[in-house]
Amino acid sequence: MDYEGFKAGVLKLTHIDLNAYKEKQMKRRIDSLIAKEKYTGYDTYLEGLKKDTRLFNDFVNYLTINVSEFYRNPDQWKILENEIIPDLINKSGKHLNIWSAACSTGDEPYSLVMLLSKFMPLSDIKITATDIDNQVIEQAKAGIYGVNSLKGLPKEFLDKYFTKITDKSYAISDEIKKRVEFKKHNLLLDPYPKNLDMIVCRNVLIYFTDEAKHDIYKKFNDSLKSERYLFIGSTEQIMEYKELNYTSCKTFFYKKN
C-alpha cells in the first residue's frame, strides 16, 4: 500500500482527511510514527489501527498536534480583555455565544471562562469547545495540567481556580469546568455552530493546505454575527481577509463585516 491508499484508509476509519494537511510534513510525521510502533508499512499499520484501540487513539492524538497552554501569547489576551470583550458586551450583552474550535486539552476555553469572569458572573458564561480528538477532549474534561501549561496564566486565576496536586501538576476547579461544553468536531467535515459572537481557533490551521484554510475561514465567517470576532494564533495570518468578508482590526483579531 502506498501513502495515497493509506490516506484513503484513514479517511474511512477516522473521518480525518489527510489531503487537507501539508503532505510532506504529515507524511514525515506518520512515517516516523509507523517506525516507532515497529510496523513494516502503511498496510500493516492500517490493519493495526483497526484492531488496537491504544494504537488508534495514539494515532489520532499524534495527528492532531496538541500543543496548548493557558493564556498563550499574553499580550493578545490583554487586547481581548481591554478591547474585544467590552465591545462584544456592548453589542450582545453578557450572554455571549463563543466557540473555541480545535480546543486541544481545554487550556483556551478555560482561559476564556476565567477572563470572562472578570466581566460577569460565572453562571452567565457558556463556552462551546470542540476538537477532533476524543483523547484530548477527555483530558480537557479531567482538567489536570502541568506547570508548563500554566506558566502564562495570571496569578490571580491560578490562586483562585486551581488546586495544587503535586509540585508539577494542578487541577482546575469544577466551577470553571462546568462552564465549558466539550464536543467532538471535525473542522473539515462537520456543520459549524451559528450566530456566534466570537470564534477562537489558534495555531491549528498552519497545518492545513491553503485551500482547506480558505474554506474554514469562510465557514467561520458564515458562523459569526456581523461585526463579531475571529481570534487566531500568533503563527497565523489571513492573507485574503477582505475577500473572505473580514476586517483586520488588531493583529490576530478579525471582525466580520
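A residue counts as partly exposed when its relative accessible area lies between the buried limit of under 20% and the exposed limit of over 50%, and Lys50, with a relative accessible area of 48%, therefore falls in the partly exposed class. The model described here is predicted, and it holds 21 salt bridges. Side chains of opposite charge can pair when their charged atoms come close.

**Pairs within one helix**

- Lys50 and Glu47 join their side chains in a salt bridge with an N to O distance of 3.3 Å, and these residues, three apart in helix 3 (residues 42–51), are separated by about one helical turn.
- Glu47, the partner of Lys50 in this salt bridge, is partly exposed at 35% relative accessibility.
- Asp58 and Arg54 form a salt bridge in which the closest N and O atoms are 2.7 Å apart, and the two residues, four apart in helix 4 (residues 53–63), are likewise separated by about one helical turn.
- Asp58 is partly exposed at 27% relative accessibility, and Arg54 is partly exposed with a relative accessible area of 42%.

**A pair between a helix and a strand**

- The side chains of Glu83 and Lys250 meet in a salt bridge at 3.2 Å, N to O; because Glu83 lies in helix 5 (residues 74–92) and Lys250 in strand 9 (residues 246–250), the pair ties together parts that are 167 residues apart in sequence.
- Glu83 is partly exposed, its relative accessible area being 35%, and Lys250 is partly exposed at 31% relative accessibility.

**A network**

- Salt bridges also link Lys78, Glu81, Lys118 and Glu156 in a network.

Methods:
Residues numbered from 1 in each chain as written. Predicted model: local features only at pLDDT ≥ 70, side-chain atom pairs only at ≥ 80, totals over all residues. Heavy atoms only, no water. Salt bridge = Lys/Arg side-chain N within 4 Å of Asp/Glu carboxyl O. Buried < 20%, exposed > 50% of the residue type's maximum accessible area, 1.4 Å probe, protein only.
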